[in-house]
Amino acid sequence: STRSAQQISELRWQSHAWHNATRAILAVKRWQKEHGQYPETLEQLTGAGALKPLPLDPYSNTLLMYRKTDDGFTLYSRGRNFKDDGGLPQVDPNTPWRTWGTQEAGDAVFWSMP
């Protein structure tokens, strides 16, 4: 059915995004351990040979969103609405976990350290 095909396609995109995010998280954490601080950008990791290729967001065909914070970092995908919602996930009140967002709002957050 059409709905099943859409669900399979969505799972494919999510799997691809998680793969890219996992590579990036490991590289960022390794950088932090070696340098005592988080990188300013993902491009900094690539320039040093720590992350190749840069992790793409399959929802926007641009880089995953990375933001260094005062005490950590946030890594996220623009998600199903294809826009940057500032790293804020859409939360489904009927489930205890964060979702991939909706067509209206929400990013898919892979890593967030408060």
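**Entry 1, rings.** Before looking, I wrote down that rings of Phe, Tyr and Trp, the last by its six-membered ring, count as a pair if their centres lie within 6.5 Å. I also noted that the model is a predicted one. Which residues do the ring pairs link into a cluster? I found that Tyr38, Tyr66, Phe73 and Trp111 are linked in this way. The structure holds four aromatic pairs, and one of them, between Tyr38 and Phe73, is tilted, with 5.2 Å from centre to centre and 55 degrees between the planes. Because Tyr38 lies in the loop between α1 and α2 while Phe73 belongs to strand β4, the pair ties together parts that are 35 residues apart in sequence. I then looked up the accessibility of both partners: Tyr38 is buried, with a relative accessible area of 11%, and Phe73 is buried as well, at 0%.

How many salt bridges does the count give? The count comes to three.

I began with Lys68 and Glu40, whose closest N and O atoms are 2.7 Å apart. Since Lys68 sits in strand β3 and Glu40 in the loop between α1 and α2, this bridge ties together parts 28 residues apart in sequence. Lys68 itself is partly exposed, at 32% relative accessible area.

Next I looked at Arg78 and Asp57, whose side chains meet at 3.9 Å, N to O. Arg78 is in the loop between β4 and β5, Asp57 is in strand β1, and the two are 21 residues apart.

Arg67 lies in strand β3 and Asp84 in the loop between β4 and β5, so parts 17 residues apart in sequence are tied together. Arg67 is partly exposed at 34%, and Asp84 is partly exposed at 32%.

Finally I followed Thr46, which is found in helix α2, residues 42-47. Thr46 counts as partly exposed because its relative accessibility is 21%, and buried would mean under 20%. Leaving out residues up to four places away in sequence, Thr46 touches Leu51, Lys52 and Leu54. I also noted that the C-alpha atoms of Thr46 and Ala27, 19 residues apart along the chain, are separated by 9.6 Å.

Technical notes
Residues are numbered from 1 along each chain as its sequence is written. This is a predicted model: local features need pLDDT of at least 70, side-chain atom pairs count only at pLDDT 80 or more; totals for chains, interfaces and linings use all residues. Side-chain values use heavy atoms; hydrogens and water are left out. Helices (H or I, at least four residues) and strands (E, at least two) are DSSP runs, numbered from the N terminus. Buried means under 20% relative accessible area, exposed over 50%, partly exposed in between (1.4 Å probe, protein chains only). Contact means heavy atoms within 4.5 Å. Rings of Phe, Tyr and Trp (its six-membered ring) pair if their centres lie within 6.5 Å; planes under 30 degrees apart count as stacked, over 60 as edge-to-face and the rest as tilted. A salt bridge is a side-chain nitrogen of Lys or Arg within 4 Å of a carboxyl oxygen of Asp or Glu.
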